[in-house]
Amino acid sequence: MIRIYTVIIVVVLITVVLAAGCIEESVDFLPDFILGRETVVEQLSPQDLAQWQLVGKGIVKADDSENALILTEGAESGGITLVSRKSYGRRVTLSFDVKPMSFEGINFVFLSASDKVTQGELKVRDDHRGDMEFWTDGRVQNYIFAFHNGFYDSKPFIKKNPGLKDVAMSKDLVKAKNTYSVEVGRKGRRLWIKIDGDVVVRGRDRARGGLPGGKIGFRLRGPGAGSYTCQFRNVVIAEEK
(Lines give C-alpha, C1' and ligand atoms only; values in the text may rest on other atoms or scores of the structure.)
Protein backbone atom coordinates (compact mmCIF):
# COMPACT_ATOMS: atom_id res chain seq x y z
CA MET A 1 0.00 0.00 0.00
CA ILE A 2 2.83 2.40 0.87
CA ARG A 3 4.45 1.64 -2.48
CA ILE A 4 1.20 2.46 -4.31
CA TYR A 5 0.89 5.77 -2.47
CA THR A 6 4.50 6.60 -3.30
CA VAL A 7 3.92 5.95 -7.01
CA ILE A 8 0.79 8.12 -6.96
CA ILE A 9 2.66 10.98 -5.30
CA VAL A 10 5.49 10.77 -7.83
CA VAL A 11 3.02 10.79 -10.74
CA VAL A 12 1.21 13.80 -9.29
CA LEU A 13 4.48 15.69 -8.82
CA ILE A 14 5.58 14.95 -12.40
CA THR A 15 2.19 16.12 -13.69
CA VAL A 16 2.44 19.37 -11.73
CA VAL A 17 5.95 20.06 -13.02
CA LEU A 18 4.94 19.38 -16.61
CA ALA A 19 1.84 21.53 -16.29
CA ALA A 20 3.91 24.37 -14.84
CA GLY A 21 6.27 24.06 -17.78
CA CYS A 22 3.38 24.30 -20.24
CA ILE A 23 2.06 27.38 -18.48
CA GLU A 24 5.49 28.97 -18.49
CA GLU A 25 5.82 28.40 -22.23
CA SER A 26 2.38 29.84 -22.96
CA VAL A 27 2.32 33.06 -24.99
CA ASP A 28 -0.54 34.32 -22.84
CA PHE A 29 1.56 34.07 -19.71
CA LEU A 30 4.90 35.04 -21.22
CA PRO A 31 4.59 38.85 -21.06
CA ASP A 32 2.70 39.03 -17.77
CA PHE A 33 4.11 39.04 -14.30
CA ILE A 34 2.80 36.65 -11.65
CA LEU A 35 -0.27 38.11 -9.98
CA GLY A 36 0.60 39.94 -6.79
CA ARG A 37 4.35 40.09 -7.46
CA GLU A 38 4.57 42.91 -9.97
CA THR A 39 6.16 46.12 -8.78
CA VAL A 40 5.99 49.23 -10.91
CA VAL A 41 9.41 50.71 -10.33
CA GLU A 42 9.29 53.85 -12.40
CA GLN A 43 6.94 55.86 -14.57
CA LEU A 44 9.45 58.09 -16.30
CA SER A 45 8.73 61.61 -17.48
CA PRO A 46 10.70 63.19 -20.34
CA GLN A 47 12.59 65.17 -17.70
CA ASP A 48 13.51 61.93 -15.89
CA LEU A 49 14.79 60.33 -19.09
CA ALA A 50 16.84 63.41 -19.93
CA GLN A 51 18.94 62.61 -16.85
CA TRP A 52 20.03 59.23 -18.29
CA GLN A 53 23.49 58.95 -19.83
CA LEU A 54 23.72 59.83 -23.53
CA VAL A 55 26.34 57.66 -25.25
CA GLY A 56 27.45 58.92 -28.65
CA LYS A 57 27.19 62.21 -30.53
CA GLY A 58 23.69 63.56 -30.34
CA ILE A 59 21.13 65.62 -28.48
CA VAL A 60 18.66 64.61 -25.79
CA LYS A 61 15.85 67.03 -24.99
CA ALA A 62 12.74 66.99 -22.83
CA ASP A 63 10.06 68.77 -24.88
CA ASP A 64 7.31 70.11 -22.61
CA SER A 65 5.07 71.17 -25.49
CA GLU A 66 5.11 67.62 -26.95
CA ASN A 67 5.31 65.92 -23.54
CA ALA A 68 8.04 63.78 -25.10
CA LEU A 69 11.71 63.00 -24.89
CA ILE A 70 13.42 63.81 -28.19
CA LEU A 71 16.59 61.98 -29.24
CA THR A 72 18.55 63.22 -32.27
CA GLU A 73 21.79 62.00 -33.80
CA GLY A 74 24.60 64.50 -34.16
CA ALA A 75 27.04 65.02 -37.01
CA GLU A 76 29.45 62.12 -37.65
CA SER A 77 27.46 59.95 -35.27
CA GLY A 78 28.02 56.23 -34.93
CA GLY A 79 24.58 55.94 -33.38
CA ILE A 80 23.38 57.16 -30.01
CA THR A 81 22.17 55.27 -26.96
CA LEU A 82 20.38 56.65 -23.92
CA VAL A 83 21.39 54.48 -20.94
CA SER A 84 19.68 54.19 -17.57
CA ARG A 85 21.61 55.32 -14.52
CA LYS A 86 20.58 52.25 -12.55
CA SER A 87 20.45 48.52 -13.18
CA TYR A 88 17.41 46.23 -13.12
CA GLY A 89 16.96 42.55 -12.38
CA ARG A 90 16.29 39.45 -14.46
CA ARG A 91 12.49 39.89 -14.47
CA VAL A 92 11.77 43.28 -15.97
CA THR A 93 9.52 44.85 -18.60
CA LEU A 94 9.85 48.17 -20.40
CA SER A 95 6.90 49.79 -22.18
CA PHE A 96 6.80 53.04 -24.14
CA ASP A 97 5.35 54.88 -27.12
CA VAL A 98 7.81 55.91 -29.83
CA LYS A 99 7.46 58.09 -32.90
CA PRO A 100 10.28 57.70 -35.45
CA MET A 101 10.57 60.91 -37.45
CA SER A 102 11.61 59.01 -40.59
CA PHE A 103 11.10 55.48 -41.90
CA GLU A 104 14.76 54.79 -42.67
CA GLY A 105 16.00 54.86 -39.09
CA ILE A 106 16.75 51.94 -36.78
CA ASN A 107 15.52 51.52 -33.20
CA PHE A 108 16.86 49.04 -30.65
CA VAL A 109 16.32 48.54 -26.95
CA PHE A 110 18.96 47.00 -24.71
CA LEU A 111 17.97 45.08 -21.60
CA SER A 112 20.30 43.67 -18.94
CA ALA A 113 23.41 45.48 -20.18
CA SER A 114 26.30 44.67 -17.86
CA ASP A 115 30.04 44.06 -17.76
CA LYS A 116 30.74 40.50 -18.92
CA VAL A 117 34.17 40.37 -17.28
CA THR A 118 33.17 41.51 -13.81
CA GLN A 119 29.49 40.44 -14.07
CA GLY A 120 28.84 43.83 -12.51
CA GLU A 121 27.55 47.26 -13.43
CA LEU A 122 28.27 48.55 -16.92
CA LYS A 123 30.23 51.80 -17.08
CA VAL A 124 30.49 53.82 -20.30
CA ARG A 125 32.74 56.82 -20.86
CA ASP A 126 30.85 60.04 -21.54
CA ASP A 127 33.06 60.73 -24.56
CA HIS A 128 32.35 57.37 -26.26
CA ARG A 129 31.61 57.81 -29.98
CA GLY A 130 28.60 55.49 -29.82
CA ASP A 131 29.51 52.75 -32.31
CA MET A 132 27.38 49.61 -32.22
CA GLU A 133 30.47 47.41 -31.77
CA PHE A 134 30.73 48.56 -28.17
CA TRP A 135 27.42 46.84 -27.41
CA THR A 136 28.04 43.65 -29.37
CA ASP A 137 31.73 42.77 -28.92
CA GLY A 138 34.10 42.25 -26.06
CA ARG A 139 33.16 42.82 -22.47
CA VAL A 140 29.56 44.07 -22.78
CA GLN A 141 26.67 41.59 -22.45
CA ASN A 142 23.02 42.39 -23.11
CA TYR A 143 19.88 41.48 -25.00
CA ILE A 144 18.96 43.51 -28.10
CA PHE A 145 15.31 44.01 -29.03
CA ALA A 146 14.84 45.44 -32.54
CA PHE A 147 11.36 46.73 -33.38
CA HIS A 148 11.91 49.34 -36.14
CA ASN A 149 14.44 48.46 -38.85
CA GLY A 150 13.38 50.70 -41.71
CA PHE A 151 16.88 51.19 -43.11
CA TYR A 152 17.43 47.43 -43.48
CA ASP A 153 13.75 46.56 -43.99
CA SER A 154 14.28 43.59 -41.69
CA LYS A 155 11.96 41.82 -39.29
CA PRO A 156 11.85 42.49 -35.54
CA PHE A 157 14.30 40.30 -33.66
CA ILE A 158 15.95 39.52 -30.34
CA LYS A 159 19.69 38.88 -30.07
CA LYS A 160 22.14 38.22 -27.26
CA ASN A 161 25.55 39.81 -26.81
CA PRO A 162 28.44 39.61 -27.02
CA GLY A 163 28.41 38.14 -30.49
CA LEU A 164 24.95 39.09 -31.83
CA LYS A 165 23.67 35.57 -31.17
CA ASP A 166 20.17 34.91 -32.52
CA VAL A 167 17.45 34.32 -29.93
CA ALA A 168 14.30 34.83 -32.01
CA MET A 169 12.97 36.63 -35.10
CA SER A 170 9.50 37.60 -36.22
CA LYS A 171 8.00 35.73 -39.17
CA ASP A 172 6.59 38.94 -40.58
CA LEU A 173 7.65 42.52 -41.13
CA VAL A 174 5.99 45.07 -38.86
CA LYS A 175 4.10 47.65 -40.88
CA ALA A 176 5.74 51.06 -40.65
CA LYS A 177 3.68 53.50 -38.61
CA ASN A 178 3.93 57.00 -37.27
CA THR A 179 3.78 55.81 -33.66
CA TYR A 180 4.36 52.43 -32.02
CA SER A 181 3.33 51.23 -28.58
CA VAL A 182 6.15 48.89 -27.63
CA GLU A 183 6.78 46.47 -24.80
CA VAL A 184 9.99 44.49 -24.38
CA GLY A 185 10.78 42.27 -21.46
CA ARG A 186 12.33 39.23 -19.91
CA LYS A 187 11.39 36.72 -17.23
CA GLY A 188 14.65 34.90 -16.57
CA ARG A 189 15.49 33.22 -19.87
CA ARG A 190 12.21 34.12 -21.58
CA LEU A 191 12.21 37.21 -23.81
CA TRP A 192 9.57 38.97 -25.90
CA ILE A 193 8.59 42.00 -27.96
CA LYS A 194 5.04 43.35 -28.13
CA ILE A 195 3.96 45.96 -30.64
CA ASP A 196 0.56 47.61 -30.24
CA GLY A 197 -0.44 44.87 -27.80
CA ASP A 198 0.52 41.90 -29.99
CA VAL A 199 3.44 39.57 -29.30
CA VAL A 200 5.56 39.78 -32.48
CA VAL A 201 8.67 38.01 -31.19
CA ARG A 202 9.22 35.61 -28.32
CA GLY A 203 12.18 33.44 -27.52
CA ARG A 204 14.32 31.84 -24.89
CA ASP A 205 17.97 32.19 -23.97
CA ARG A 206 19.42 28.67 -24.07
CA ALA A 207 22.01 29.43 -21.40
CA ARG A 208 21.02 28.34 -17.91
CA GLY A 209 19.53 31.28 -16.05
CA GLY A 210 20.19 33.73 -18.88
CA LEU A 211 22.14 36.93 -18.41
CA PRO A 212 22.29 38.70 -15.07
CA GLY A 213 20.37 41.93 -14.69
CA GLY A 214 21.73 45.24 -15.93
CA LYS A 215 21.02 48.61 -17.43
CA ILE A 216 18.40 49.60 -20.01
CA GLY A 217 19.18 51.54 -23.17
CA PHE A 218 17.31 53.19 -26.06
CA ARG A 219 19.42 53.16 -29.23
CA LEU A 220 18.79 54.82 -32.58
CA ARG A 221 20.76 55.10 -35.80
CA GLY A 222 19.91 56.76 -39.09
CA PRO A 223 21.25 56.23 -42.59
CA GLY A 224 23.30 59.45 -42.46
CA ALA A 225 24.97 61.72 -39.91
CA GLY A 226 22.49 63.70 -37.87
CA SER A 227 19.59 62.45 -39.92
CA TYR A 228 17.43 60.56 -37.42
CA THR A 229 15.19 61.75 -34.60
CA CYS A 230 12.70 59.94 -32.37
CA GLN A 231 10.15 60.97 -29.78
CA PHE A 232 9.52 58.81 -26.71
CA ARG A 233 6.50 59.02 -24.41
CA ASN A 234 4.80 57.10 -21.60
CA VAL A 235 7.92 55.20 -20.53
CA VAL A 236 7.27 52.68 -17.74
CA ILE A 237 9.68 50.18 -16.21
CA ALA A 238 8.26 47.35 -14.11
CA GLU A 239 10.38 44.86 -12.22
CA GLU A 240 9.32 41.65 -10.53
CA LYS A 241 11.31 41.04 -7.39
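Biologist: How many helices and strands does the chain have?
Modeller: This is a predicted model, and its secondary structure comes to 3 helices and 15 strands.

Biologist: And how much of the chain is buried?
Modeller: Of its 241 residues, 46% count as buried.

Biologist: What about contacts between residues at least 6 apart in sequence?
Modeller: Among those, 71% join residues at least 24 apart.

Biologist: Okay, on to the rings. How many aromatic pairs are there?
Modeller: The count is 9 aromatic pairs. One of them joins Phe-96 and Phe-232, with 6.0 Å centre to centre and 50 degrees between the planes, a tilted pair.

Biologist: Where do those two sit in the chain?
Modeller: Phe-96 is in strand 6 and Phe-232 is in strand 15, 136 residues apart, so the pair links distant parts of the chain.

Biologist: Are they buried or exposed?
Modeller: Both Phe-96 and Phe-232 are buried.

Biologist: Why does Phe-218 count as buried?
Modeller: Its relative accessible area is 3%, and buried means under 20%.

Biologist: Which residues do ring pairs link into a cluster?
Modeller: Trp-52, Phe-96, Phe-147, Tyr-180, Phe-218 and Phe-232.

Biologist: New topic: what sits over the ring of Phe-157?
Modeller: That's the charged end of Lys-159, 5.1 Å from the ring centre.

Notes: Residues are numbered from 1 along each chain as its sequence is written. This is a predicted model: local features need pLDDT of at least 70, side-chain atom pairs count only at pLDDT 80 or more; totals for chains, interfaces and linings use all residues. Side-chain values use heavy atoms; hydrogens and water are left out. Helices (H or I, at least four residues) and strands (E, at least two) are DSSP runs, numbered from the N terminus. Buried means under 20% relative accessible area, exposed over 50%, partly exposed in between (1.4 Å probe, protein chains only). Contact means heavy atoms within 4.5 Å. Rings of Phe, Tyr and Trp (its six-membered ring) pair if their centres lie within 6.5 Å; planes under 30 degrees apart count as stacked, over 60 as edge-to-face and the rest as tilted. A charge sits over a ring if NZ of Lys or CZ of Arg is within 6 Å of the ring centre and within 35 degrees of the ring normal.
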